[in-house]
Amino acid sequence: MTSAEPTLAHGDEYIVIYEGGPNDGQTDRRISTDGSFDSEITVLTAVDGKETLIDYNKASFTEVGGQYHVIYRYDAKDSEPVEAPEDRGGRQ
């Protein structure tokens, strides 16, 4: 992993990998609009049929085959509350 972030061109695509929270393990594609990776992402996610805003912060990145993969970690503090699976009363 490299510590210095690359400069992206306007319109360059990168892969987002979500770590933790309700989107754990899911991926997404984003397009750079300002020559860098987003430092945080807010995702509208359905949890038990209820739409919830979930925040993720950029944690690290790596280049794989000429494409950047960026890991975003769940930020429970800044996200809307999500009921834990054990508290859902069998609605897991």
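## Lys58 and its surroundings

Lys58 is in contact (heavy atoms within 4.5 Å) with Glu5, Phe37, Asp38, Ser39, Val70, Ile71 and Tyr72, leaving aside its neighbours within four places in sequence. Lys58 sits in strand β4. Strands here are DSSP runs of E with at least two residues, numbered from the N terminus. Lys58 is partly exposed, at a relative accessible area of 26%. Buried means under 20% relative accessible area, exposed over 50%, and partly exposed in between, with a 1.4 Å probe and protein chains only.

## Basis of the model

This is a predicted model: local features need pLDDT of at least 70, side-chain atom pairs count only at pLDDT 80 or more, and totals for chains, interfaces and linings use all residues. Residues are numbered from 1 along each chain as its sequence is written, and side-chain values use heavy atoms, with hydrogens and water left out.

## The sheet

Five strands form an open sheet in the order β2-β1-β5-β4-β3. Pairing is mixed; two strands pair if DSSP finds at least two bridges between them. The edges are β2 (27–31) and β3 (40–47). Each has a single partner strand, so one side of each lacks a neighbour in the sheet. On average, neighbouring strands of this sheet are turned by 40° against each other, direction ignored. The axes behind that angle are lines fitted to C-alpha atoms.

## Strand β3 and its hairpin

β3 pairs with β4 (residues 50–64) in the antiparallel sense, over eight bridges. Val47 has Lys50 of β4 as its bridge partner. The hairpin of β3 and β4 has two residues between the strands. Asp48 takes a positive phi there, near 55°.

Side chains alternate along β3. Ile41, Val43, Thr45 and Val47 point to one face and are buried.

## Ser32 in the loop

Ser32 lies in the loop between β2 and β3. Its relative accessibility is 1%, so Ser32 counts as buried. A polar atom of the Ser32 side chain lies 3.1 Å from the backbone oxygen of Ser36. Not counting residues up to four places away in sequence, Ser32 touches Leu8, Ala9, His10, Gly11, Asp12 and Tyr14.

How values were computed
Helices (H or I, at least four residues) and strands (E, at least two) are DSSP runs, numbered from the N terminus. Axes are lines fitted to C-alpha atoms, for helices over the stretch in contact, and angles run from 0 to 180 degrees between N-to-C directions. A polar contact is a pair of N or O atoms within 3.5 Å; within protein, one must be able to donate a hydrogen and the other to accept it, and residues adjacent in sequence count only if both atoms are side-chain atoms.
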